[in-house]
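Have a look at the model before reading on.

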Amino acid sequence: MPVSAPITRTEHSVFRAAVLEFKEATPRGRVPVSLLVGVPGRAVARHLVERGQLLDQALRTDIAAALLQQTSAAGTLRWAWLTRGGSLALHDADAAWSAAWYAACAEREVDVPFVVVTRTGWRDPRTDVRREWSRLRRRSGTPAPRHSQV
């Protein structure tokens, strides 16, 4: 399910948390591409694309389907986000993983939103709905999330 404007308060909170978590957890510089599924700050399933790893569309779809399966608890809201370095401009990885994600969702007959997350914001590669921050900080009094891997 692509993200459409205007976004809900829940979507804003979830995507902001994903950006903040990514920004706090990764140093500047070369960042590997990762696909995450779940809720930022809580349980997530993750696939890290190793440097030099060659993935075709079928393998990306299989990886996305496996992450969907790992996070398929009944009644649980979940989102998918691709983390990578660079700007929010459309990259090849965005289009490739977005297509794989929505193919996996279609196979399982579920609608789970997918966005791309960088250190400065998030973007839906299908609709170009986005949000960028120039100085994103954790709100005062808000503890850092404790999350678990699924």
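What share of the 150 residues of the chain counts as buried?

## The chain as a whole

The share comes to 45%, where buried means under 20% relative accessible area, exposed over 50% and partly exposed in between (1.4 Å probe, protein chains only). Keep in mind that this is a predicted model, in which local features need pLDDT of at least 70, side-chain atom pairs count only at pLDDT 80 or more, and totals for chains, interfaces and linings use all residues. Residues are numbered from 1 along each chain as its sequence is written, and side-chain values use heavy atoms, with hydrogens and water left out.

As for the fold, you get three helices and six strands, in the order α-β-β-α-β-α-β-β-β from the N terminus on. Helices (H or I, at least four residues) and strands (E, at least two) are DSSP runs numbered from the N terminus. Among contacts with a separation of 6 or more, 69% are between residues 24 or more positions apart; contact here means heavy atoms within 4.5 Å. The accessible surface of the chain is about 8400 Å², with 52% of that belonging to carbon and sulfur atoms (Shrake-Rupley method, 1.4 Å probe; for residues, only the protein chains shown count as cover).

## Helix 3 and its cover

Who does the covering? Just past the helix, Glu 109 has a positive phi of about 55°.

## Salt bridges

The chain has four salt bridges, each a side-chain nitrogen of Lys or Arg within 4 Å of a carboxyl oxygen of Asp or Glu. One of them pairs Arg 84 with Asp 94 at 2.7 Å, N to O. Arg 84 sits in the loop between strand 3 and helix 3, and Asp 94 is in helix 3, ten residues apart. Both Arg 84 and Asp 94 are buried.

Elsewhere, Asp 128 and Arg 130 meet at 2.7 Å, N to O, and Arg 130 also bridges to Glu 132, with the closest N and O atoms 3.8 Å apart. Shared partners join Arg 123, Asp 128, Arg 130 and Glu 132 into one network. Here Asp 128 is partly exposed at 37% relative accessible area, Arg 130 is partly exposed at 35%, and Glu 132 is partly exposed at 45%.
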